[in-house]
4 protein chains.
Amino acid sequence: MSGSSFGSIFRITTWGESHGAALGVVIDGCPAGLALDAGDIQTYLDRRKPGQTRIATPRKEADEVELLSGLFEGRTTGTPISMLVRNTSQRSADYSEIANYYRPGHADYAYDAKYGFRDYRGGGRSSGRETVGRVAAGAVAAKLLSEFGITLTAYTRSIGPVSIDMSKFDREAILRTPTCMPDTDASIRAEAYLADCMKNYDSAGGVIECRISGVPAGLGDPVFEKLDANLAKALMSIGAVKAVEVGDGVEVSSRHGSDNNDAFRMEDGQVTKATNHAGGILGGISDGSDILLRAHIKPTPSIFSPQKTVNRQGEEIEIAIKGRHDPVIVPRAVVVVESMAAVTIADALLMGVGAKLDNLKKIYGR
Amino acid sequence: MSGSSFGSIFRITTWGESHGAALGVVIDGCPAGLALDAGDIQTYLDRRKPGQTRIATPRKEADEVELLSGLFEGRTTGTPISMLVRNTSQRSADYSEIANYYRPGHADYAYDAKYGFRDYRGGGRSSGRETVGRVAAGAVAAKLLSEFGITLTAYTRSIGPVSIDMSKFDREAILRTPTCMPDTDASIRAEAYLADCMKNYDSAGGVIECRISGVPAGLGDPVFEKLDANLAKALMSIGAVKAVEVGDGVEVSSRHGSDNNDAFRMEDGQVTKATNHAGGILGGISDGSDILLRAHIKPTPSIFSPQKTVNRQGEEIEIAIKGRHDPVIVPRAVVVVESMAAVTIADALLMGVGAKLDNLKKIYGR
Amino acid sequence: MSGSSFGSIFRITTWGESHGAALGVVIDGCPAGLALDAGDIQTYLDRRKPGQTRIATPRKEADEVELLSGLFEGRTTGTPISMLVRNTSQRSADYSEIANYYRPGHADYAYDAKYGFRDYRGGGRSSGRETVGRVAAGAVAAKLLSEFGITLTAYTRSIGPVSIDMSKFDREAILRTPTCMPDTDASIRAEAYLADCMKNYDSAGGVIECRISGVPAGLGDPVFEKLDANLAKALMSIGAVKAVEVGDGVEVSSRHGSDNNDAFRMEDGQVTKATNHAGGILGGISDGSDILLRAHIKPTPSIFSPQKTVNRQGEEIEIAIKGRHDPVIVPRAVVVVESMAAVTIADALLMGVGAKLDNLKKIYGR
Amino acid sequence: MSGSSFGSIFRITTWGESHGAALGVVIDGCPAGLALDAGDIQTYLDRRKPGQTRIATPRKEADEVELLSGLFEGRTTGTPISMLVRNTSQRSADYSEIANYYRPGHADYAYDAKYGFRDYRGGGRSSGRETVGRVAAGAVAAKLLSEFGITLTAYTRSIGPVSIDMSKFDREAILRTPTCMPDTDASIRAEAYLADCMKNYDSAGGVIECRISGVPAGLGDPVFEKLDANLAKALMSIGAVKAVEVGDGVEVSSRHGSDNNDAFRMEDGQVTKATNHAGGILGGISDGSDILLRAHIKPTPSIFSPQKTVNRQGEEIEIAIKGRHDPVIVPRAVVVVESMAAVTIADALLMGVGAKLDNLKKIYGR
């Protein structure tokens with residue numbers, strides 16, 4: 001229980017259901033003095049909004065953030081930052097039918113088993129809409145990190161069989177393509193693939209990659225609060241993620257040590273690495289190189305083809321899901337991955353401040 | 001900081017370095033009344049001992065556990081269980097040379113960046129020896145879970161290019177083969193591969209799989225304390241793990257929804273699933289099917305081939321690592337994966353007790 | 001940092017400032033299935049409202065609660081319960097003057113020292129208005145506890161020199177008297193005393209007592225999560241509380257053991273105690289007797305008499321505080337004490353569920 | 001459950017029972033680079049040793065600390081510091097009789113109610129011997145604080161009716177007098193009083209005071225992690241403490257605001273206070289003045305006079321406790337109070353490092 005908080009010092013607590021009155025987040029532990037306004041948050045929220053393209057659900061979600069506390073004269077005060085987004089376009093009638101059965105690939109059955117009943121409207125707390133709070137918090141974390149030259153870039157790496165070509169990486173394309181791919185050509189092919197999926201009443205999965213630059217060496221705490229361990233938790237906690245990779249990830253298991261070790265070298269008087277198979281983390285601690293993460297997203301479970309399942313009475317039935325559903329979750333989840341990574345790094349930054357007596361003396365020294 | 005604790009209610013705190021006086025763990029939150037003795041722990045510790053085969057380091061580590069608290073007349077009392085293992089065979093002289101440079105693929109540089117200096121003897125806290133405490137705790141968690149019919153089976157799935165054949169799965173072989181593979185033929189091929197690695201002064205990685213059976217539906221807490229999120233953290237916190245998969249893992253990203261959804265069906269009056277692509281977890285909550293996890297382990301970074309690196313003075317140098325090192329970490333990490341999974345499930349079991357008012361009434365009802 | 005959460009399983013996170021847009025709380029970890037509606041919360045919030053009597057500030061605070069999440073068809077779902085109260089009557093102009101100096105007895109200077117600046121409007125986060133979130137959470141906790149026959153009764157024990165006569169204890173009077181005293185005569189004398197205080201531009205303190213009945217023996221966790229330790233933290237975290245007593249409290253230090261020990265005896269087949277000097281807690285664990293707590297509240301620091309202080313420029317100045325201020329905080333803090341006690345007991349109830357293997361078997365047994 | 005940890009960043013986990021093999025503590029989160037050796041710890045442990053005077057139990061406890069991890073070349077490494085003390089002088093035979101009944105004033109019944117059974121030897125985990133781990137941790141915390149000019153002084157303020165005269169305060173006397181009073185005359189009177197108690201087969205309580213000097217303004221986190229809230233928890237978690245006061249404590253409830261407010265003034269260019277009724281904490285945050293705490297300790301419950309109680313079979317019986325017991329706990333608890341205060345302040349120091357963006361820039365700025 002009490003599973004809706006994440007982070008130790010920069011700590012977020014999210015709340016809200018798909019069809020409740022509102023969703024939101026409380027950020028506790030953000031340092032005082034950070035310039036922040038609703039626009040900073042809205043930019044992030046707008047990136048997860050549906051209804052923008054053919055490949056996303058035509059639902060309209062205004063998702064306007066209200067900033068309720070923790071700011072004074074445009075800066076954070078060090079006290080909790082509470083933000084909420086009202087639910088406005090929910091049509092509960094759409095969901096009345098699913099109250100009584102368990103949708104394959106969804107959390108319906110698991111929630112019933114855990115809690116005895118569930119808010120079935122739009123999946124309740126298990127809905128992707130839950131990520132509104134994560135993204136609002138991620139916007140604040142990213143703003144904080146930017147003060148230290150730390151930047152995050154998440155994008156769609158693949159949808160179904162269509163992968164981007166890293167040699168054509170175009171950062172601008174991430175915000176421009178409906179797939180959030182940094183490769184316009186691949187994006188066009190992915191859209192065609194998704195159109196096929198929809199025609200077949202089916203859905204697709206994909207891979208989201210996130211690169212984090214400018215992270216100082218030394219973040220992450222042995223042995224359980226390792227930076228990669230917390231990033232893995234952060235990403236795996238996003239609905240539909242079934243695998244998380246750091247650096248070269250699954251590829252390392254079939255490699256030789258001589259191919260996988262990154263030689264250290266000097267560059268501009270700084271220790272750096274000739275390669276970055278490790279993805280910027282060694283022994284659970286950042287090494288100063290770019291951190292590289294990948295999250296594998298399963299295909300949207302809500303498909304329009306008929307499916308077998310059981311109902312609450314324990315009868316085997318066949319269902320056909322209706323309503324509005326994205327054929328792929330990936331593009332909307334890109335900003336969620338970026339947000340969770342930002343929150344994790346911000347927390348590690350704060351956790352690391354007192355790792356050395358020397359650091360403390362810089363603050364409290366007399 | 002304070003990163004050496006894991007779990008919320010069944011909470012473990014590990015301590016100790018490769019070449020310190022001892023290593024150990026404190027388990028806090030284990031329920032009272034569990035039958036437990038040193039033998040239960042020793043069985044697990046013996047599985048991670050080196051010096052048993054050609055493919056493991058010839059170091060001798062007796063690793064005899066001392067049970068110091070939390071037991072009375074053969075049962076847990078509900079108070080902290082403290083266990084330690086003395087370090088006996090460490091030869092610090094072996095490591096004097098590495099005090100001054102950063103071994104590629106190791107945490108040396110990251111620790112220096114974080115703490116300003118490091119215990120360089122055998123890697124200090126970043127050594128694989130740190131897992132002694134995890135495994136001792138895992139033994140207790142597994143004993144607790146066995147009271148509820150929950151069993152864990154971890155094994156080596158692959159080493160380098162050699163994978164097991166699941167159709168030949170032989171549970172007994174896990175403890176018998178030096179690779180911890182449940183397939184004797186594959187194990188023989190893997191040993192040959194490792195012999196080649198050693199001849200070439202090189203090392204190998206691999207994949208560990210863990211199956212957890214008997215987990216009741218309903219464990220795991222939305223939205224950040226999801227069962228898969230905590231399992232991902234648990235596994236990624238093990239040194240050398242670079243990717244974690246749940247269920248079909250990385251494969252789901254290229255699938256259609258119609259291929260990936262698991263149809264619900266009835267079996268013996270119980271809701272179950274026709275397939276288990278999800279790996280026993282839906283929406284972060286156990287669904288009653290087997291939980292299936294995979295951890296991808298990088299090749300041992302300590303290789304005997306010459307490597308480029310830098311020293312603490314910032315000079316680029318070439319080194320050749322000496323000493324005793326496993327050509328592959330995988331077999332010894334199998335019990336570590338099983339232990340971390342056990343601790344995570346035990347904690348989720350305890351976290352879930354109060355999810356329903358009805359549960360509380362069974363305990364406190366009048 | 002991140003100091004706005006309380007509790008381990010039944011966990012509350014409050015947010016909001018005196019003159020911000022709103023204040024609120026997120027409760028995470030409340031079991032599913034508890035009947036709850038806005039009326040349950042409003043009843044508690046109404047008890048802390050000002051503007052009801054002569055001895056409270058004439059500010060009008062509607063304090064209508066909005067229940068935003070965690071409920072479905074009138075019952076808690078096990079997911080976070082988010083509640084907020086809009087600020088409506090704040091007049092920021094009143095506070096412009098205090099932006100530049102430090103009010104004696106207030107947190108102004110401490111906040112500036114900590115954060116570099118502060119939201120000076122009405123004390124910002126250090127305002128008594130912060131307790132809105134605590135009380136909303138307390139209402140939920142009390143409702144949960146009532147399912148197990150646990151009841152809480154807080155009341156004013158003394159204001160300045162005026163104490164209640166326990167032999168005249170009248171539970172109804174607590175809600176009826178403007179002082180929240182359970183003794184109408186004492187209340188009349190206390191009102192006269194407060195009228196004098198106001199005439200002299202001065203203020204008064206007092207003592208709040210809280211009795212908790214029906215707590216099962218066995219709550220509280222050795223050695224740091226003792227029930228009395230958490231209750232002490234809960235009460236001391238309320239602004240203006242400077243001492244906390246359990247049972248006979250400060251009196252025990254001058255007693256003999258033979259006078260202070262409570263003899264155990266049998267009553268209706270239950271172990272009970274002949275006396276209750278211990279206040280229902282032994283070794284940090286509830287013993288089944290009533291829990292008795294006392295919080296000592298300092299006099300309102302905002303007084304109208306001239307006072308010496310310094311300003312942000314470091315100049316010594318004399319000030320005279322204006323505005324609307326209660327001459328005594330005690331009556332409005334009664335429900336806050338009750339709420340914090342309720343939250344603490346609810347958390348201990350949930351924490352204790354898994355203390356025995358036998359309890360777990362009642363839930364997960366097969 | 002899992003109640004044996006205290007602190008958020010400087011986090012201690014204690015373990016061990018009165019008659020188990022050993023007791024100890026793991027400190028996680030101590031910054032790297034602090035000079036520390038076993039002598040630092042032993043000095044503190046020696047202060048809680050019994051057998052030193054007539055008024056303490058004649059048990060011999062060598063209590064030699066073993067430092068097992070977290071140190072390298074005489075300095076902390078930032079990884080967990082594990083310490084243990086072996087139990088050597090326990091005679092379990094003494095306690096066989098109490099296995100079957102509930103001693104008044106002890107935790108016997110509460111433990112049975114919670115856990116179903118208990119380690120009855122010497123009180124098990126509820127024994128005062130549990131504080132060995134607290135004191136070892138306190139020694140490290142105090143050493144850390146001394147780096148920042150923060151010092152703690154705890155002493156006996158009263159035993160039974162005998163109070164010290166603050167005008168005769170003699171710091172040296174604390175370590176010299178058997179009562180730990182800083183007033184030799186009072187100590188002699190207290191010894192006489194205790195001799196009387198012993199003659200009457202009775203026991204006494206008392207008050208411990210702790211002064212903390214040099215704490216920078218700004219420590220403590222609103223609204224639940226207030227410095228006084230955590231200090232109250234820290235002290236109330238010590239067995240036998242029944243009340244905690246901060247600053248003028250219980251006296252404030254009968255005062256006028258004009259008498260209780262501390263005027264701010266300037267001294268050597270620093271904001272300070274003309275008086276210190278608040279005891280160094282305003283709004284839960286340190287204000288730079290000395291922090292002043294008082295813990296009220298109940299009389300030793302183990303008395304030799306006959307007492308009424310019940311046994312595990314639910315029969316009312318009369319008992320006479322035998323064995324070796326201090327007639328007063330207070331002198332041995334002085335170093336425990338000091339230790340818990342030190343741990344709390346050390347944690348607050350670390351928690352506060354990132355409160356301001358400016359602080360973070362001093363560490364991570366480029």
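**From an interface to the sheets**

Across the interface of chain D and chain B the rule finds two salt bridges, a salt bridge being a side-chain nitrogen of Lys or Arg within 4 Å of a carboxyl oxygen of Asp or Glu. In one salt bridge the side chains of B:R86 and D:E66 meet, at 3.2 Å from N to O. The elements that give two or more residues to the side of chain D that touches chain B are β2 (11–16), β3 (22–28), β6 (75–76), β7 (81–86) and α2 (108–115) of chain D, where helices (H or I, at least four residues) and strands (E, at least two) are DSSP runs, numbered from the N terminus. The largest share of that side, five residues, comes from β2(D).

This is a predicted model, in which local features need pLDDT of at least 70 and side-chain atom pairs count only at pLDDT 80 or more, while totals for chains, interfaces and linings use all residues. Residues are numbered from 1 along each chain as its sequence is written, chains are lettered from A and ligands numbered from 1 in the order in which they are written, and side-chain values use heavy atoms, with hydrogens and water left out.

The contact takes 44 residues from chain D and 44 residues from chain B, contact meaning heavy atoms within 4.5 Å. The area buried between the two chains is about 3,400 Å², of which carbon and sulfur atoms give 64%; buried area is the accessible area (1.4 Å probe) that two parts lose on being put together, summed over both.

We turn now to chain C. Here five strands form an open, antiparallel sheet in the order β1-β2-β3-β7-β4, two strands being paired if DSSP finds at least two bridges between them. Because β1 (5–6) and β4 (65–67) of chain C stand at the edges, each with a single partner strand, one side of each is left without a neighbour in the sheet. Strands β2 (residues 11–16) and β3 (residues 22–28) of chain C pair in the antiparallel sense over six bridges, and C:W15 stands opposite C:G24 in β3(C).

A further open sheet has 10 strands with antiparallel pairing, in the order β9(C)-β8(C)-β10(C)-β16(C)-β11(C)-β11(D)-β16(D)-β10(D)-β8(D)-β9(D). Its edge strands are β9 (162–163) of chain C and β9 (162–163) of chain D, each of which pairs on one side only. Within this sheet, seven bridges join β10 (residues 206–213) of chain C to β16 (residues 291–297) of chain C, which run antiparallel, and C:I212 stands opposite C:I291 in β16(C).
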